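Please consult the sequence and the structure alongside the text.

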Amino acid sequence: QVQLVESGGGLVQAGGSLRLSCAASGRTFSLYRMGWFRQAPGKEREFVSGISRSGSRTAYADSVKGRFTISRDNAKNTVDLQMNSLKPEDTAVYYCAQVSSPRLPLGVSLSEDEYGYWGQGTQVTVSS
């Protein structure tokens, strides 16, 4: 079965950096778009960033554009999220997700509805 395992979360001061990593298994990784979402306390889960199957296309929420970078390594079955210039409002549980459908056309999936598989989440806390 599909497994997505996140790592790299933690506590960091505002202005600092963290790198999240997600290791995927269970399906041919390169066939699936990937994404990162987050959920802050009392808020709904929201899209953070997504990446196409090849990694050539990426997308970001406006709130993280210019600070976060998504990347993937299809040889290692991993997708990473480099987070720089972190702010207290970035505090949330971060989830790695994989779309349900394989071989989608070149592009990035933005809607939570397209993602059928989720990791357990990793906590990111940014102190002011």
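Q: Which residue in β3 does Val5 stand opposite?
A: The model is predicted, so local features need pLDDT of at least 70, side-chain atom pairs count only at pLDDT 80 or more, and totals for chains, interfaces and linings use all residues. Residues are numbered from 1 along each chain as its sequence is written, and side-chain values use heavy atoms, with hydrogens and water left out. Strands are DSSP runs (E, at least two residues) numbered from the N terminus, and two of them pair if DSSP finds at least two bridges between them. β1 and β3 run antiparallel and are joined by five bridges, and the residue in β3 opposite Val5 is Ala23.

Q: Which residues make up the covered face of β1?
A: In a regular strand, side chains alternate between the two faces of the sheet. The uncovered face of β1 carries Gln3, Val5 and Ser7. The covered face consists of Leu4 and Glu6.

Q: In what order do the four strands of the open sheet lie?
A: The edge strands are β1 (3-7) and β7 (68-73), each of which pairs on one side only. From one strand to the next, the twist averages 15° (axes are lines fitted to C-alpha atoms, and angles between N-to-C directions run from 0 to 180 degrees). The pairing is antiparallel, and the order is β1-β3-β8-β7.

Q: Which residue is the bridge partner of Leu20 in β8?
A: Strand β3 covers residues 18-25 and strand β8 residues 78-83. These two strands pair in the antiparallel sense over six bridges. Within β8, the partner of Leu20 is Leu81.

Q: How many residues apart in sequence are the parts that Asp90 and Arg38 tie together?
A: Side chains of opposite charge can pair when their charged atoms come close. Asp90 and Arg38 form a salt bridge (a side-chain nitrogen of Lys or Arg within 4 Å of a carboxyl oxygen of Asp or Glu), with the closest N and O atoms 2.9 Å apart. Because Asp90 lies in the loop between β8 and β9 (92-99) and Arg38 in strand β4 (residues 34-39), the parts tied together are separated in sequence by 52 residues.

Q: Is Arg38 buried or exposed?
A: The side chain of Arg38 also meets that of Glu46 in a salt bridge, at 2.7 Å from N to O. Accessibility is classed as buried under 20% relative accessible area, exposed over 50% and partly exposed in between (1.4 Å probe, protein chains only). Glu46, at 35%, is partly exposed. Arg38 has a relative accessibility of 5% and therefore counts as buried.

Q: Which residues are linked in a network of salt bridges?
A: The structure holds seven salt bridges. One of them joins Asp62 to Lys65, with the closest N and O atoms 3.1 Å apart, and Asp62 is exposed at 68% relative accessible area. The network links Arg38, Glu46, Arg67 and Asp90.

Q: What is the angle about the S-S bond in the link of Cys22 and Cys96?
A: A search of the whole structure finds one disulfide (a pair of cysteine sulfur atoms within 2.5 Å), and this disulfide joins Cys22 to Cys96 with an S to S distance of 2.1 Å. Cys22 lies in strand β3 and Cys96 in strand β9, so the pair ties together parts that are 74 residues apart in sequence. Both Cys22 and Cys96 are buried. The link is left-handed, with an angle of -75°.

Q: Why is the ring pair of Tyr115 and Trp118 described as tilted?
A: Rings of Phe, Tyr and Trp (its six-membered ring) pair if their centres lie within 6.5 Å; planes under 30 degrees apart count as stacked, over 60 as edge-to-face and the rest as tilted. By this rule the count is four aromatic pairs. The ring centres of Tyr115 and Trp118 are 6.2 Å apart, and the pair is tilted because the planes stand at 55°.

Q: Over which ring does the charged end of Arg27 sit?
A: A charge sits over a ring if NZ of Lys or CZ of Arg is within 6 Å of the ring centre and within 35 degrees of the ring normal. The charged end of Arg72 sits over the ring of Phe29, 4.4 Å from its centre. For Arg27, the distance to the ring centre is 3.6 Å, and the ring is that of Tyr32.
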